[in-house]
Amino acid sequence: MGLLNALAFGVGLLTGTQIGLRAAWRRTPRPHPRLLAQILEHPLRLKYRQPAQTVGPFGLAEGMSVLDLGCGTGLFTAEIARQVGATGVVHAVDLQSELLEQARERVQAAGLTTRVRFHHSGAYRLPLADASVDVAVLIATFSEIPNGLLLLEELRRVLKPGGRMGISEEMPHPGYLPAPLIRRQVEEAGFRYGGQQGNGFCYSLLYFKE
Ligand SMILES: C[S@@+](CC[C@H](N)C(=O)[O-])C[C@H]1O[C@@H](n2cnc3c(N)ncnc32)[C@H](O)[C@@H]1O
């Protein structure tokens, strides 16, 4: 096989695999495989996912109570804990205990343990009181949760009136949803749109609970 043929074969295989994987994910959203946890911290990801830049648009401030839903290995949990300061609190929630444990280690290594509560929980029944959260953050997580309506109802319950919700998605994630699809769901659920940052490859949406 000539070099060009081999190249065309490789590109075709990769494209076919990507299309198949993404279609399957769209049909059945699923949690990020724990065996691939390292991908979340891969240097290539960090090129477009600097923690401080990623959480920047969500308006975090000292003393806030912030929900990091789908915290994974805690890449953003530690940064959020820095931004809310010693008087703030971060609720780091994840369905997968192995990832939550990695998040705990990361936060501990950063000396921020007193600011973070870890919850092994699903998204539909959060172990948080009504109207107790200033900002809910979902980074590369919205598209992993099958029932957007149940998720958004639960977020509405825990957010304070006027509270913010930040949703960020990235194209390398096989569950990636374009911004208009997420906007439709979130706005139908009654959240007020607060703007979009980034581009089609990696974007963040801001919403307010009315
Ligand atoms: C792609 S990872 C992103 C992790 C982290 N936010 C980051 O960007 O590095 C998505 C995370 O959401 C979690 N997750 C998926 N479905 C969930 C659910 N229904 N409830 C809570 N966590 C969930 C997964 O276990 C996984 O850790």
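Two strands count as paired here if DSSP finds at least two bridges between them. With that in hand, let's walk through this model, which is a predicted one.

**The sheet**

The strands form an open sheet of 7, in the order β3-β2-β1-β4-β5-β7-β6, and the pairing is mixed. At the edges sit β3 (116-120) and β6 (192-198), each of which pairs on one side only. Going from one strand to the next, the twist averages 15°.

| Strand pair | Sense | Bridges |
|---|---|---|
| β4 (residues 133-139) and β5 (residues 159-170) | parallel | 6 bridges |
| β5 and β7 (residues 202-208) | antiparallel | 7 bridges |
| β6 and β7 | antiparallel | 6 bridges |

Start with β4 and β5, which run parallel. To get from β4 to β5, the chain passes through helix α6 (residues 148-158), making a β-α-β crossover that is right-handed.

Next along is β7, which pairs with β5 in the antiparallel sense. Serine faces serine here: serine 168 stands opposite serine 204 in β7.

You can follow the pairing at two places. Tyrosine 193 stands opposite tyrosine 207 in β7, and glutamine 196 has leucine 205 of β7 as its bridge partner. While you're looking at strands, keep in mind that side chains in a regular strand alternate between the two faces of the sheet.

**A pair of helices**

How do helices α4 and α5 lie relative to each other: parallel, antiparallel, perpendicular or oblique? The axes of α4 (residues 77-84) and α5 (residues 97-109) come within 9 Å and cross at roughly 45°. Angles under 35 degrees would count as roughly parallel and 65 to 115 as roughly perpendicular; α4 and α5 are therefore oblique to each other. As for handedness, α4 passes α5 in a right-handed crossing.

**Around the ligand**

Which residues are the closest to the ligand? They are Pro31, His32, Gly70, Gly72 and Ala123, out of 21 residues that surround the ligand. Sorted by class, this shell has 12 nonpolar, 7 polar and 2 charged residues.

Note on methods: Residues numbered from 1 in each chain as written. Predicted model: local features only at pLDDT ≥ 70, side-chain atom pairs only at ≥ 80, totals over all residues. Near = placed C-beta within 6 Å. Nonpolar A, V, L, I, M, F, W, Y, C, P; charged D, E, K, R; others polar. Helix = DSSP H or I, 4+ residues; strand = E, 2+ residues; numbered from the N terminus. Right-handed = clockwise from strand over helix to strand, strands pointing away. Axes fitted to C-alpha atoms, helices over the stretch in contact; angles between N-to-C directions. Parallel < 35°, antiparallel > 145°, perpendicular 65-115°, else oblique. Left-handed = near helix turned anticlockwise from the far one by under 90°.
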